[in-house]
Amino acid sequence: MKRLLIRADDLGYSDGVNCGIARSVNDGIIRTIGVMVNMPEVERGLRMLHAPGLCLGQHTCISAGKPLSDPKRIPSLLGSDGGFKPTRAYYLPGPDTIVLDEVILEIEAQYERFCTLVGGKPGYLEGHAVFHPVFQQGLETVANRHGVLYSGMPEEGNRMRVGSAHVKIAMDSMNNDYVPLESLKRNLLQAADDTNLIFVCHPGYLDAYILAHSQLTTPRPLEVAMLTDPNTAAWLNEQGIQRITYYDL
């Protein structure tokens, strides 16, 4: 049987994103949510979630907002304004693009904040928008330290291991021709019968902050519409797709 984990990233990013994720949870099929605990809107976003059986993960952010650790101890992560460097800055040449000890300090600080806000450890741990190998090494280190599932970077064929499970990951939202439901159907129909598919979404409504700070705009409300459309859930049921969270891996 094919199993589907639909993940909504970016809770806390902005009020508009919170509203879109909340709608996708409370009136839709999202049960796995990535939480950006360093962002100002995170507490409001958590209060908006009312559906049962949610799996909340740490969507670790080092490319937006302010740090939770001591800024003096993480200079390689910060811009001149005291906030995190933008994503593109982590790919510039040079030995100090990102320092492992510094990124671990910040990941740990965000882990502690997550546990305080949610009242327990995250269901999984991964990172927002930065695919630098040192950041991924830091995420895996902290996840292993605390016994949390690490949802890392895919390898060949978009396959990877999460815990003891083999999974395939799909995130098509940056493609110019992206249509959320068509993408979901295509990835599921092409998957082998024993596949665990993680389909990554970024549902949200657009506000001034997102328009100014995110490259991902139009797909966000389109994903809200797909995730709350009863026809989406009906199609998944017709296909015999089992919907899961990270707790099931």
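In the predicted model, Y209 is partly exposed, its relative accessible area being 29%. Y13 counts as buried, at 7% relative accessibility.

A search of the whole structure returned two aromatic pairs. A pair of aromatic rings is described by the distance of the centres and the angle of the planes. For Y13 and Y209, the ring centres are 5.9 Å apart and the planes stand at 75°; planes over 60 degrees apart count as edge-to-face, and the pair is therefore assigned to that class.

The rings of Y124 and Y246 have their centres 4.0 Å apart, with planes at 20°. Planes under 30 degrees apart count as stacked, and the pair of Y124 and Y246 is therefore stacked. Y124 is located in the loop between α3 (100-118) and β4 (125-127), and Y246 in the segment after β8 (242-243), so that this pair ties together parts 122 residues apart in sequence. Y124 is buried, with a relative accessible area of 0%, and Y246 likewise counts as buried, at 1% relative accessibility.

A contact between a charge and a ring was also identified: K85 lies over the face of Y90, at 4.7 Å from the ring centre.

Terms used. Residues numbered from 1 in each chain as written. Predicted model: local features only at pLDDT ≥ 70, side-chain atom pairs only at ≥ 80, totals over all residues. Heavy atoms only, no water. Phe/Tyr/Trp six-rings, centres within 6.5 Å; stacked < 30°, edge-to-face > 60°. Buried < 20%, exposed > 50% of the residue type's maximum accessible area, 1.4 Å probe, protein only. Helix = DSSP H or I, 4+ residues; strand = E, 2+ residues; numbered from the N terminus. Lys NZ or Arg CZ within 6 Å of the ring centre and 35° of its normal.
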